[in-house]
Protein chains: 2
Amino acid sequence: MRISELSRSSGVPIPTIKFYLRERLLEPGHHTAPNQASYDGTHVRRLRLIHVLQDVGGMSLAGVRSVLDALARRDVPLHETLSVAHMALAHEPASLGPAFEAARTESDAWLDTLAWEIAPSSSARNDLAAALLALQQLGWTVGPGVFERYAHHADAMAEAEIAYVANAEDQEAAVEATVIGTIVFERALVALRRLAEEHHSRTQLGGTAKP
Amino acid sequence: MRISELSRSSGVPIPTIKFYLRERLLEPGHHTAPNQASYDGTHVRRLRLIHVLQDVGGMSLAGVRSVLDALARRDVPLHETLSVAHMALAHEPASLGPAFEAARTESDAWLDTLAWEIAPSSSARNDLAAALLALQQLGWTVGPGVFERYAHHADAMAEAEIAYVANAEDQEAAVEATVIGTIVFERALVALRRLAEEHHSRTQLGGTAKP
């Protein structure tokens with residue numbers, strides 16, 4: 001197909017496609033004439049993947065590039081590809097310094113008790129420490145054990161997700177699906193938790209005014 | 001305490017405190033002399049709340065104001081205060097248009113089957129529809145039922161959260177805690193799911209290279 005049809009199929013405007021081609025995020029088409037290239041389904045698929053990483057995941061262009069690179073390298077194990085995606089999704093902890101370091105030490109020690117196999121460099125460790133620090137700065141006298149229930153649910157969800165990948169016939173597609181799943185299902189989960197909170201606050205507490 | 005001590009206690013710089021005072025996000029201190037005001041623990045607490053809303057939740061100043069206003073109004077039921085917070089946290093769906101509307105209709109119909117009491121205007125409905133649309137645009141032939149397991153876990157987590165509020169002795173503090181919990185525990189949950197994914201991809205799939 002020509003670039004105009006690629007644009008229609010993918011929903012990505014032609015100038016954006018040309019930008020991705022220049023940035024080498026998208027493979028060049030097959031040249032059919034000096035000024036004409038032909039594209040196929042792999043290009044459509046790649047454009048949609050870039051869209052999810054950028055628009056749903058909020059990744060920077062550098063982040064998108066790092067994930068696409070990791071996906072393309074067949075010698076990179078899945079958990080490292082996932083780490084790259086998590087890093088590209090991570091936001092820097094708002095507050096560093098001694099208080100953050102103390103919270104990080106505390107939450108890392110608690111994560112050890114879960115006996116999960118996770119790298120010391122995993123960016124989500126910082127996010128967890130930032131959440132703990134925020135609670136402590138609000139005057140909550142809590143330790144990371146307050147996240148216990150969430151760890152239990154996270155564990156159950158992740159186990160099912162990865163089991164799906166492990167059983168997939170087309171492993172390459174499955175790896176891509178996992179990265180997409182990390183991003184898209186995360187958004188769905190956050191949305192569903194907010195909706196469930198609304199439901200339970202309405203039904204458990206009723207429409208009564210606050211005291 | 002004087003403004004310099006308020007700054008030390010809260011970790012918020014003096015110019016930022018003055019900005020919040022001008023913007024009326026922070027109550028004025030008690031005037032002890034023509035050019036001097038005295039602050040107390042409620043000011044420290046309020047500054048930390050603003051910090052969480054802005055830095056952990058990523059809310060705009062207008063969003064922070066809407067949440068503080070809702071918290072201050074005792075005639076607003078908790079589920080409406082939560083809705084205000086969710087709206088201030090929401091990002092606009094990246095893609096609107098007919099495809100988005102179709103996904104929204106589909107995910108709304110599925111939400112109906114859960115029999116959750118949620119308002120048609122809840123902003124998280126859009127987030128769920130955006131997640132569904134992203135999957136469909138990637139060529140996944142799935143309906144909103146793909147989110148079933150996440151709804152189950154979200155329901156269990158939210159039920160426990162709201163039960164905590166319902167049982168709290170100090171209802172006013174509990175409402176504030178729920179809003180904070182929405183934001184901080186959401187971040188912790190997302191971090192824990194990413195860590196659990198790393199753990200399960202490492203242990204279920206091993207450190208083996210991709211095929």
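A residue counts as buried when its relative accessible area is under 20%, as exposed when that area is over 50%, and as partly exposed in between. The model toured here is predicted.

Select E198(B), which is buried because its relative accessibility is 2%.

**Second stop: the two chains together**

Next, colour chain A and chain B separately. How many residues of chain A are in contact with chain B? There are 97 in chain A, and they touch 96 residues of chain B. The size of an interface is often given as the accessible area lost when the parts come together. Here the area buried between chain A and chain B is about 9100 Å², and carbon and sulfur atoms give 67% of it.

Polar pairing also occurs across this boundary: 35 residue pairs, both members at pLDDT 80 or more, are in polar contact between chain A and chain B. To see the elements involved, select the helices of chain A. On the side of chain A that touches chain B, at least two residues are supplied by each of α3 (41-56), α4 (61-72), α5 (78-89), α6 (98-114), α7 (124-137), α8 (148-167) and α9 (171-205). The largest share comes from α9(A), with 29 residues. By residue type, this side of chain A divides into 55 nonpolar, 20 polar and 22 charged residues.

**Third stop: charges between the chains**

Side chains of opposite charge can pair when their charged atoms come close. Between chain A and chain B the count is 8 salt bridges. Select E186(A) and R193(B) to view a salt bridge between their side chains, at 3.9 Å from N to O. Then extend the selection to E161(A), R194(B) and E197(B): together with E186(A) and R193(B), these residues are linked in a network of salt bridges.

Over all chains, the whole structure holds 22 salt bridges. In chain A, select R125(A) and D108(A), whose closest N and O atoms are 2.9 Å apart in a salt bridge. This pair links distant parts of the chain, with R125(A) in helix α7 of chain A and D108(A) in helix α6 of chain A, 17 residues apart. Are these two residues buried or exposed? R125(A) is buried, with a relative accessible area of 6%, and D108(A) also counts as buried, at 17%.

Now move to chain B and select R73(B) and D75(B), which form a salt bridge with closest N and O atoms 2.9 Å apart. D75(B) counts as partly exposed at 48% relative accessibility, and R73(B) likewise at 46%.

**Last stop: helix α7 of chain B**

Finally, select residues 124-137 of chain B. This helix, α7, has 14 residues and reaches 20 Å from its first C-alpha to its last, close to the 20 Å expected. Helix α7(B) is largely enclosed by the rest of the structure, because 11 of its 14 residues are buried. Among them are A124(B), R125(B), D127(B) and L128(B). Just after the helix, select G139(B), which takes a positive phi of about 95°.

Terms used. Residues numbered from 1 in each chain as written. Chains lettered and ligands numbered in written order. Predicted model: local features only at pLDDT ≥ 70, side-chain atom pairs only at ≥ 80, totals over all residues. Heavy atoms only, no water. Contact = heavy atoms within 4.5 Å. Buried area = accessible area lost by both parts, 1.4 Å probe. Salt bridge = Lys/Arg side-chain N within 4 Å of Asp/Glu carboxyl O. Polar contact = N/O pair within 3.5 Å; in protein donor to acceptor, adjacent residues only side chain to side chain. Helix = DSSP H or I, 4+ residues; strand = E, 2+ residues; numbered from the N terminus. Nonpolar A, V, L, I, M, F, W, Y, C, P; charged D, E, K, R; others polar. Expected span 1.5 Å × (residues − 1). Buried < 20%, exposed > 50% of the residue type's maximum accessible area, 1.4 Å probe, protein only.
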